[in-house]
Amino acid sequence: MRVMVTGAPGLLGMEMADLFERQGHEVIRLNGHKQLDLRERKPVLRFVEEVRPDVIVHTAAIKNVDEAEKDPQGTYLTNTTATANVAMAASNVGAKMVYISTDAVFDGEKNSPYVESDPTGPINVYGASKLAGEQRVKELCERHFIVRTGLLFGLKGRPETNMALNLLNRWRKGERVPAAVNQACSNTYTLDLARAVEIMTDTECYGTYHICNKGQASRYEFYTRLCTLAGYSAELVELAQAAAIRVARRHKNTEMSCALYERTFNDEMSDWQDAAARFIQEYKREYLHEED
Ligand SMILES: NC(=O)c1ccc[n+]([C@@H]2O[C@H](COP(=O)([O-])OP(=O)(O)OC[C@H]3O[C@@H](n4cnc5c(N)ncnc54)[C@H](OP(=O)(O)O)[C@@H]3O)[C@@H](O)[C@H]2O)c1
């Protein structure tokens with residue numbers, strides 16, 4: 001397949017592009033707005049018309065929830081308008097489109113894992129702009145997969161905006177990091193998500209799916225697990241309340257069920273603890289050059 005990946009220098013985009021390439025697909029990487037600004041419709045339509053991909057994996061977005069809150073207009077332009085442009089371009093050439101969405105489309109008040117049919121109800125600009133992106137994809141591109149996922153961790157992307165790498169660097173220097181105890185979700189390893197998306201794009205089972213590692217953890221629990229797996233003291237993670245360390249409103253708990261994905265594609269997602277352990281192993285190999 002010829003696969004076009006938007007946001008290819010990003011945390012998830014790079015993981016996706018690398019994985020599709022390893023699987024023997026031809027990959028066209030879109031390297032950010034300086035190469036092709038997805039907010040501009042005509043150049044996007046023209047580019048996709050020339051490249052004619054079989055699949056477009058659209059990861060490009062503004063993901064910083066606090067920045068999004070401060071600039072709603074710019075955020076909608078990137079997360080909604082650019083997504084509509086990509087969806088239109090995909091439809092014009094008959095490509096399948098994967099739109100990476102988020103658990104932030106929900107309100108976080110449910111007491112059990114969110115399923116795809118649950119009502120949405122974003123509580124911040126980021127979630128609302130991504131939900132509007134979902135709606136545009138449904139309207140504009142018939143052959144779509146909408147993939148909602150939780151907080152992502154992985155080794156790829158730009159180091160300065162890679163949350164997990166930044167945490168590990170701070171702990172390595174002995175810095176204490178605050179982590180919210182009242183903000184939980186299905187934390188997800190980018191490698192597991194990329195693998196699942198590759199499986200999905202080989203089918204015609206279009207629709208909306210939750211793809212995440214199983215279970216839920218608060219930021220405090222998740223950071224503590226990463227910190228101790230990496231060999232640092234749990235005391236480097238400080239218990240905090242989300243409101244004390246964030247600008248935008250945060251969700252209490254957005255745990256999602258990935259059962260529909262598992263049933264439809266006959267695949268199993270691992271739990272977040274297992275994924276975190278594999279991530280730290282990979283980190284130690286790549287960054288600390290330690291063997292298992
Ligand atoms: N990270 C998470 O925890 C998380 C959780 C749930 C869902 N998601 C979703 O997963 C996707 C990937 O997130 P990520 O963490 O990989 O993001 P990321 O590391 O910030 O990468 C985003 C990429 O999008 C590109 N981009 C932004 N605006 C663009 C534009 N106008 N035109 C072209 N490219 C543009 C950026 O490049 P330039 O800045 O150079 O333009 C960057 O390469 C997003 O859709 C996000 O909403 C993320």
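In the predicted model, valine 57 has valine 98 of strand β4 as its bridge partner, and this pair belongs to a region where strand β3 (residues 55–58) and β4 run in the parallel sense over four bridges. The two strands are part of an open sheet of six strands, ordered β2-β1-β3-β4-β5-β10, in which the pairing is parallel. From one strand to the next, the twist averages 20°. Helix α1 packs on the sheet, where it touches β1 (2–6), β2, β3 and β4, and the direction of α1 makes about 165° with that of β1.

The ligand is surrounded by 27 residues, of which Gly7, Gly10, Gly32, Ala60 and Ala61 are the closest. Two or more residues of this shell are given by each of α1 (11–22), α4 (72–93) and β4 (96–102), with α1 giving the most, namely three residues. Divided by class, the shell comprises ten nonpolar, twelve polar and five charged residues.

Helix α4, one of the contributors to the ligand shell, is also packed against helix α5 (residues 125–140), the axes of the two coming within 9 Å and crossing at roughly 20°. Because angles under 35 degrees count as roughly parallel, α4 is described as roughly parallel to α5, and the crossing is right-handed. The contact involves, among others, Pro72, Thr75, Tyr76 and Asn79 of α4, together with residues of α5 that include Val125, Tyr126, Ser129 and Lys130. By class, the residues of the contact of α4 with α5 divide into ten nonpolar, seven polar and two charged.

A further helix pair is formed by α8 (residues 219–229) and α11 (residues 272–287), whose axes come within 10 Å and cross at roughly 40°, which makes α8 oblique to α11. The crossing of α8 and α11 is right-handed. In this contact, Arg225, Leu226 and Leu229 of α8 meet Gln273, Ala276, Ala277 and Ile280 of α11, and the residues involved comprise five nonpolar, one polar and one charged.

Terms used. Residues are numbered from 1 along each chain as its sequence is written. This is a predicted model: local features need pLDDT of at least 70, side-chain atom pairs count only at pLDDT 80 or more; totals for chains, interfaces and linings use all residues. Axes are lines fitted to C-alpha atoms, for helices over the stretch in contact, and angles run from 0 to 180 degrees between N-to-C directions. Angles under 35 degrees count as roughly parallel, over 145 as roughly antiparallel, 65 to 115 as roughly perpendicular and the rest as oblique. A crossing is left-handed if the near helix is turned anticlockwise from the far one by less than a right angle, and right-handed if clockwise. Two residues are in contact if their C-beta atoms, placed from the backbone, lie within 7 Å. Ala, Val, Leu, Ile, Met, Phe, Trp, Tyr, Cys and Pro count as nonpolar, Asp, Glu, Lys and Arg as charged, and the others, Gly among them, as polar. A residue is near a molecule or strand if its C-beta atom, placed from the backbone, lies within 6 Å of it. Two strands pair if DSSP finds at least two bridges between them.
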